[in-house]
Every structure is written in C-alpha cells, then in structure tokens.
Amino acid sequence: MQKLVVIGAGMASGRMLEHMFEADPQAYEVTLFNAEPRGNYNRIMLSPVLSGEKSYEEIVTHDDAWYADNAVTCRFGERITGIDRDRKVVISEKGETPYDKLVIGTGSAPFIIPCPGHDLPGVVAFRDLEDVDAMKTAAGSDGRAVVIGGGLLGLEAAAALRLQGMEVTVLHLMGHLMERQLDEAAGYLLKKDLEGRGITVLTGASTKAIMGEGRVEKVVLEDGTVIPADIVVMAVGIRPSVALGQAAGLEMGRAIKVDAQMVTSDPDVLAVGECVEFDGNLFGLVAPLYDQARVAAKTLLGEDDVFRMRELSTKLKVTGCDLFSAGDFADGEGREDIVFRDPGRGIYKRLVIEDDVVLGAVFYGDTADSNWYFGLIKDKTDISEMRDTLIFGPAYQGGAQVDPMAAVAALPPDAEICGCNGVCKSTITEAIGAGATDLGSLRATTKASASCGTCTGLVEQLLAVTLGEDFRSKEAGICGCTDLTHEEVRRLIKARELKSQTAVWQELGWKTVDGCHVCRPAINFYLLADWPLEYQDDLQSRFINERKHANIQKDGTFSVMPRMWGGITNPAELRAIADAADKYNVPTVKVTGGQRIDLLGVKSEDLPHIWADLNAAGMVSGHAYSKGLRTVKTCVGTDHCRFGTQDSTGLGIKLEKALWGSWTPHKVKLAVSGCPRNCAEATCKDVGVICVDSGYQIGVAGAAGMDVKETERLADVPTEQEAIDLTIAFVQLYRENAKYLDRPYKWVAKVGLDWVKERVVHDLDNRAALIERFAISQSVYQKDPWAEHAATKTDAYTPLSDFRLEAAE
Amino acid sequence: MTTDWIDVGAFDAIPARGARMVRTPQGCIAVFRTATDEVFALDNACPHKKGPLADGIVHGNKVTCPLHNWVISLETGLAQGADEGAVETYPARVENGRILIEAAFLKRQAAE
C-alpha cells in the first residue's frame, strides 16, 4: 500500500482525509503528524468554547475512534523538523518516516506585533486550545483583558471574555471595526452593540508598548493612554506557517505555491489550508479550505478536479450580533447604493450595485435573507426588474409573501445553504429524501451546518419545508423556542447575569414571543434558583399544580395534602383533616407512600377554604404537587424500636423543617431509617440516611419510580448536624446545576458522584457556601403558599362569573 | 341582527398570560388574556380529554392543556401540531376595562 504522510491535523487536512477514506479506504496507509498534542477539532468554534457556550468535547471533529477506524497512525505532539524530498522522508525528533505522497497542512501562526513587552507572560494569541485555556484561566480571576485587533477573531475573543465576566477593552488600529468586512455604518452599529455589552472599544488606537513587572500589567498607546490589563490577546492577523516548505526548497510566494490540483512544485508533495498560496491568494476562511480539501483528496486518488476561487461571505459568531457581509462593497465610479436603516431596531442593510448586478452586501441586525443576496452576488443576477423592492428581501419579490418558509421554498436548487461546507439546497433535499430527517443525520450526511452553525436555522427551515408535518425540530434544544440545551441556558443565565424571563428570551434569541409550556417552567426555575433575591417567581410560567398548589386530577378537581413532619401526626390534626373531608365533600381519603394523608377530589373554588381550615389547625402545604421537597419518610428509631440506633424520626423532622418550601429541578424525596433494617426504605430515595451505631450513612441518587436504583454512598458522618449539612449542600448543588426535570439520580449520573463529593463532602468552604446560598433562597421561598393564597388570591380559584342562575330565571 | 355583548368581568381580574373560567348552564368557558393584552374566549374543555384549558400555560396566542400538553390556538380553537381537534371559540373584546363576550356563548350546545 502507498504511504501517505500528512503534516498538521487541521480542518483542511482533516476534511481531505474524510473525502479520501470515503472514496477509497484502501488507497493509502496514512501517518498523521500534529504539533498540537491532539487531533482535529473545529477551530472556528473556539470562541464558543472560550465563552463557555460549548465545551472542547463538543467541537472535536475527529476523535480517537475515527482515527482508529480509518487505521490512521497518529503522532500527535510530535513536531516535524525537516523534509528530505530526495529520499522522500519527513524528519521528526523520533526519527524518519518515509512517504510516497506528502501533504503539508501546517496552517498559520498568529501575527504578534513586535512592540516592547510582546513577549511578557500574559500576552496570548487566539489560535488554539492552549490559548483558550490560558485565557479561561485568566478570566476566572475576574480580571481585565485588552484585545488588540478589532477583526473577526479579536471581536469573538472579546465577546467571549466578556461573557466570562472580564472587563474587556478592544484596541483597533483602523477607524472602524472589521474594516475588511464592514463599511463604516455597520462598523458603528457593531461598536455600539459591543459597548452595550460592556466592552470598551477604542478605534484608531495604536499600541506603543505592553508593560509589566514579570507579567502583563498595562498597555500603553501611542497617544499616551494607559490601559490596565491582566491579559493581552493579540488578534491582529495570521501569517502562513511555511518554514518547513521553505526549508524543503518548494517554490514559495507569500506561502507555499500550489496549482489548481493543490500540488506544489514537487509532484509528490501537496499542500492545503492556510499555508498555501494559489494564484496570488492566501486563505483564512474555512469555505475555500474545504474546497481545497476536496480537490487534494481527488488528486491523491488520481482523479481530476480543479480548485477555483469563489465569492466569500462573512458572519460574526457573537451571540446576538447579527452581521453579514459579502462581495465588494467599496465605493466606486458607476456604483450605486441601496441603503435601508432602522435605527430603533439597530438594523442596517446596504447593497452595492453596478450595471444592475449586486456586487456586495453588508447587513447588520437582520441577516435572515443574507443567503439569498449572496446567491444574487455569486450568480450575477440581473436585478433591474426587482430593484424597487430588492432591499426588502426575497419575500417581497413577485408577490406579498412574507413567510420565511416560502422564501426557503423559493430558493433555486443550486442556492448555497451552508457556506462553510459549500452545500447547496439540492444536496440537502436529496439527503432528506434519502432518509436524513433530522439535523443530526443531515449534518452527518451532507455536513450542512456542521461547521460554524450559523446556517442551522436555514437548514431546519429546509427540513420543515421538505418534510412538512413530519419534521420534528431540534436534537438537543430545550424546545422549539431555542436551539440551546438546558445546560447551555443555565450557564448563560449565570454568566450573563440574566435575571428575568424577558432577558433570557431577548439575549438568548428565543424564537417565540414568550416561550412555551416546555421552556417557561424550566426558565422560571433556573431564574429563581440562581437569583432568589432579584427574580420574581412567575406563577403564569408554572404548571397548574404549582400555580394552584394542588395536584390536578383527570376530572379537573384537585388533591389536598397537608405536611406531616417526618410522618408524625396527632389526634388534633387527624380531627381537622376528618372535619375538612366532611365539610368539602371529599370523595377519597388516602394514606400515601410518603406517610401522609391525601384528600382527593376537591373543587378548585374550595381550595382556599379547605386550606384555611387546615392552616387553622396548624398544618401547612405538603407540596405534594411540586418540583420541590416532598416528604421525609422515617421509622420510629430509638424512641420505640428495640433495634434503633439513633433518633431517626427526629432527624427526619429536622431535615423536613430545613428543606420544606424549596423549589428543585424535579421532586425530591428523603428518608431516614434508624438502623440497617431500613424500614423507611431510605436506600431508594433521592437522599436516604441510614443510622448506625457510629453515626449516619448518607446515600444519594436513588430511585424507585420509572427506574429503580439503589442510592450511592455520599459519605459516612458521626454527627446529626453533619448529616443535615451534607443533605442541604447536596440539595443546593442539585438546585444550582441540574437540568429541569432531571431527578437527582439522573443528574448525578451525568456529573459523576466524585464531582458531587468534591463539592459537598471534601471542600468544606464550598459546602458552607452551598448551605449559605440555600439559606438565602429559603429566606424568600420557605413560606406556606396555602396561607398566602387563602389570604390574597382566592379570586384566582373561582369563576370570573357565573351565568347558570341567570339562564334559569 | 345586532350582536349582543355580555359583560363577564373586569379585564384586570385576569393576569397577563393567564385565564379565568366563566360558568354557563351548559358548562364552562375559559377567558384568556395574552402577554399583549388580547382576550379570547373558548370552551373550557380540551378536545382530547376535556382538560380545563383555563388551567393551562398561555404562550403567544396559544394555550397548553394541563392534562396532556395538547396545544390549542386561542384564535381558532384548533389543536396545533400533530394533534387533531377543535374547541368552540367566541368573539371577545375589552371595553372600558370590562371583558365582553358575544352573547352566543350562553345559547351554545353543551360541550362534548
């Protein structure tokens, strides 16, 4: 078998290998060198990793299994030091590796301004995962960051660092941001938008020096301005990494010269990616790199293909900043502009036209139709017929259709949908026809929306248009209102300090006006759990059971269940319950599995009254309807039992008194058993305590519902107080981190018991902090909703009006 | 024939994204107020299993039934998405802080 050596595991070479293995898995025996100690990941998604919106694992494009499946010999972390083209070997520190064909994909290196202090610790680039890790470490300290360079990369870094909580200043040499992609007006809107996020933007700012004792402390500008900084991110540009190619004597321009088959001046050496020069052009965006990858794979397999330059478009991957630019939008003789502005909504659109053809487009604030305009530019469409309405988008051409679906349906088959991967509409519709009926499988088969992801919405619309009613959206998003997952939303609520539902909908780009029955209860919980003092609980976002503090039954009546602390009651309470059952004609009285009494079949309008009666006898809501603390089941313990080792009933009551009223991601049930005979069935609860002679065994993450699962041991503790502390800390950790509607056992399975132990058991400071935050929340939420509603909200339980009598008259 | 409108209660008695029910001789209707302060009147019985729609979560111009999460359009009464069915709707409007519903709702047939 022929030997293929690839230097550099980047996006271009990775894609090339994919194409090659797809076409002929047996063509080459492949050895892949990479100076970074890892394989190929989606480098253009580093900014979401930096902001915390994605994890590294989510952007890995080729994992170990992929390399293994394709029999690629991976030599990661091993730098190639030379190429001997005469003997056809590459040289690394570990020796020589022979090749029949060689592909150079060494990419590019960040350009570092050679100003004084550029080599101080704390000056980082934004090119690879190491840089991201360095920035994240610095961001954790709530520090100050200066980003030098207001281009695509610099702004993504700035926005991400701001999201991480840092104080961020962007220095840009030119008069407006992203001057290569934006005109001045759009640059202004972008600047305003970034400033609105708390980022300071200085344009026309020339860096004179970076200063500090031993590490970065400040940045000094030519005009004398001094900006304090804990880290400085250099994002002024890239230069091709061509040292290897140059040393090997390949023909060079500004980078390694290749022909349209991606072959260098040596017929056995190819090059792809940011290290190549083709026809005088260098490359920095991903779309042409993927084209090169396709061509290089064909060339290696002896097939014909030709690389061509094509029009490029740009989108900025900063959540909430919608901008798009394509083509040539410089002013010029004979060129005309069509401009649309809506300052109130921060929208700006500009088309540059020459001889009835669109040459360039810049959009800010509304980029929904950008692909359609991009198509006009690429196809050089004659727009004279639609010039009047051109700026309003495809929906206004040939009729008054404003439905975005119709706009997608109207796109021609060769319209490009995914710019990164060069996937056109017909490729996607064919894949859908072949059975790819959701986003995941479509990404797998066509790669559409699999890179930067900005065309995800368009691909979904295409799915919806093609499949009609059969299309069920979203692989992992909370619901149809957002593509973000529960975990992402939780993280963003904390990171961006979103303290109202409106803020969540607006800032995280909800697709609906005010959510739906799936996301609203979840968001309401996340907000009240994270901001107990600031956020106002929203009853209208709660499921009816939590809105009316009773369990709805199938006939629309409700059940009423007073709390019985630790399952202990007395004759007075029992009399009051019996009286209430009589007075309100309760059809069913049931003893529950949680050791209390349920009154089933109470009418809505009677609820406040039966509650008032039970309140009068000293009882409060049992929250038997809530995603919150339900019951603490106990056995009689040392009080009566001859086997009891500790006061299990007493501990149960203490736990219930501490935890009641707290809202949690799902219901939480506890139990305390007085000895290992475990009469309270503590080993299948969310938290279960078994008393033993030496103290208390605390188990968590049990289940006895849809799944049955024994608890896992969190810790053994000698004192009752520690048992209470651990339980509260565990519940608070669950409240702060779990996905809505995940019971603790599901959540612990995701994060791992060790992760929980570290925070609850081992780290005493963290345990104390969890308990303190729980106490703050309880100061707001530990109140009897029955008393409150019976006193102030009885109207909500009664009909607005009653026309039964009038009709009878 | 002129339309009779019947005053069923104060607009302020319903919270935004909320609902209240109105009893009639043939069963209840649900009166909704959306986030944008529009009002809608529908039979208070989901076409699926007669769930009380007034107890649902209101989002946009839709309500989700509390029993089995059917989503019903407040404008048309039609079940949304894959579900099929409809509930009766009645013209409703707000005037001088009062909710008025077209009198037909009192003369309707009993909801199934």
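# Charge pairs and charge patches: worked exercises

A:Arg490 and A:Asp530 are both buried. The model they come from is predicted.

**Exercise 1.** Which contact do the side chains of A:Arg490 and A:Asp530 make, and which helices hold the two residues?

*Solution.* 
- Step 1. Check the contact. The two side chains form a salt bridge, at 3.5 Å from N to O.
- Step 2. A:Arg490 sits in helix H15 (residues 486–495) of chain A, and A:Asp530 in helix H17 (residues 519–530) of chain A.
- Step 3. Take the spacing. The partners are 40 residues apart, and the pair links distant parts of the chain.

**Exercise 2.** Describe the salt bridge of A:Glu130 and A:Arg38, then find the network around it.

*Solution.* 
- Step 1. Take the distance. The side chains meet at 3.0 Å, N to O.
- Step 2. Locate both ends. A:Glu130 belongs to helix H5 (residues 129–139) of chain A, while A:Arg38 is in the loop between strand E2 (28–34) and helix H2 (46–51) of chain A. They lie 92 residues apart.
- Step 3. A:Arg38 is buried because its relative accessibility is 14%, under the 20% cut-off. A:Glu130, at 36%, is partly exposed.
- Step 4. Widen the view. A salt-bridge network links A:Glu36, A:Arg38, A:Arg43 and A:Glu130.

**Exercise 3.** Why does the pair A:Lys88 and A:Asp268 tie together separate parts of the sequence?

*Solution.* 
- Step 1. Confirm the pair. Their side chains form a salt bridge of 2.9 Å, N to O.
- Step 2. Locate the loops. A:Lys88 lies between strand E4 (80–84) and strand E5 (89–92) of chain A, and A:Asp268 between strand E18 (256–257) and strand E19 (269–271) of chain A, so the pair joins parts 180 residues apart in sequence.
- Step 3. A:Lys88 is partly exposed at 25%. A:Asp268 is also partly exposed, at 22%.

**Exercise 4.** Is A:Asp355 buried or exposed, and which residues share its surface patch?

*Solution.* 
- Step 1. A:Asp355 is in the loop between strand E24 (347–354) and strand E25 (357–364) of chain A.
- Step 2. A:Asp355 is exposed because its relative accessible area is 67%, over the 50% cut-off.
- Step 3. List the patch. A:Asp355, A:Asp356, A:Asp382 and A:Glu385 gather in a surface patch of negative charge.

**Exercise 5.** How many salt bridges does the structure hold over all chains?

*Solution.* The total is 49. Among them is the pair A:Arg490 and A:Asp530.

Technical notes: Residues are numbered from 1 along each chain as its sequence is written. Chains are lettered from A and ligands numbered from 1 in the order in which they are written. This is a predicted model: local features need pLDDT of at least 70, side-chain atom pairs count only at pLDDT 80 or more; totals for chains, interfaces and linings use all residues. Side-chain values use heavy atoms; hydrogens and water are left out. Patches are made of residues with over 30% relative accessible area and no salt bridge: like charges are joined within 9 Å, nonpolar side chains (Val, Leu, Ile, Met, Phe, Trp, Tyr) within 5 Å. Accessible areas come from the Shrake-Rupley method with a 1.4 Å probe; for residues, only the protein chains shown count as cover. A salt bridge is a side-chain nitrogen of Lys or Arg within 4 Å of a carboxyl oxygen of Asp or Glu. Lys and Arg count as positive and Asp and Glu as negative; His and the chain ends are not counted. The place of a charge is taken as NZ of Lys, CZ of Arg, CG of Asp or CD of Glu. Helices (H or I, at least four residues) and strands (E, at least two) are DSSP runs, numbered from the N terminus. Buried means under 20% relative accessible area, exposed over 50%, partly exposed in between (1.4 Å probe, protein chains only).
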